[in-house]
Amino acid sequence: MADLRASGLTDETIRAAGVYSLAPGLIQRFFSARKGVPAKIQTSLCFPYRGGTFARIKLFPSLGKFKYSQPPGTSARLYRPFPGSEGALCVCEGEKKTLAANQAHLNAVGIGGVWSWLSKGEPIDDLQFVEWESRDAIIIPDSDAF
């Protein structure tokens, strides 16, 4: 909770998005069975994606630049924690930034990283769920993305 609150997220936003601490025994689902969970990882925050079949986790502590994980063999996905609306769309880098944008009453979706709208050089399938025609898109990257 401290990490989420440090990002300015309210308990109401956290609850509405369904973010929760993942039990240590379940962290294995986000790493290959062959390599296992790095010994340094103690806990994680789980960001469930709409539809209930995919999630990404934030690792504590992080492994250098490796801060998040998702199930092995899965592709990048579009994070849509809340139903969207018409008008300009903010595309945020990261789940917490997406939640903060929605909390600030912006129409926002998220991607896991600045290039996570691509998978194997092709746009991810989830992009088809957004009406892009006649709509401004504002990209909000992490400050260290460029």
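A: Start with burial. Buried means under 20% relative accessible area, exposed over 50%, and partly exposed lies in between. Keep in mind that this is a predicted model.

Q: Is Phe66 buried, exposed or partly exposed?
A: Its relative accessible area is 38%, so Phe66 is partly exposed. Phe31 has 11% relative accessibility and therefore counts as buried.

Q: How many aromatic pairs are there?
A: Rings pair if their centres lie within 6.5 Å. By that rule there are five aromatic pairs. One of them joins Phe31 and Phe66, with 6.4 Å centre to centre and 75 degrees between the planes. That pair is edge-to-face.

Q: Why does the pair of Phe31 and Phe66 tie parts together?
A: Phe31 sits in the loop between β1 and β2, while Phe66 belongs to strand β4, so the pair links parts 35 residues apart in sequence.

Q: What kind of pair do Phe47 and Tyr68 form?
A: A tilted one, with 45 degrees between the planes and 6.4 Å centre to centre. Phe47 is in strand β2 and Tyr68 in strand β4, so parts 21 residues apart in sequence are tied together. Both Phe47 and Tyr68 are buried.

Q: Which residues form one aromatic cluster?
A: Tyr49, Phe54 and Tyr79 do. Beyond its neighbours within four places in sequence, Tyr79 contacts Ala17, Phe47, Tyr49 and Leu99, among others.

Q: How many residues make up the largest nonpolar core?
A: There are 12, including Leu4, Phe47, Tyr68 and Tyr79. The elements giving two or more residues to this core are α2 and β2.

Terms used:
Residues are numbered from 1 along each chain as its sequence is written. This is a predicted model: local features need pLDDT of at least 70, side-chain atom pairs count only at pLDDT 80 or more; totals for chains, interfaces and linings use all residues. Side-chain values use heavy atoms; hydrogens and water are left out. A nonpolar core is a set of buried Ala, Val, Leu, Ile, Met, Phe, Trp, Tyr and Cys residues joined through side-chain atoms within 4.5 Å. Buried means under 20% relative accessible area, exposed over 50%, partly exposed in between (1.4 Å probe, protein chains only). Helices (H or I, at least four residues) and strands (E, at least two) are DSSP runs, numbered from the N terminus. Contact means heavy atoms within 4.5 Å. Rings of Phe, Tyr and Trp (its six-membered ring) pair if their centres lie within 6.5 Å; planes under 30 degrees apart count as stacked, over 60 as edge-to-face and the rest as tilted.
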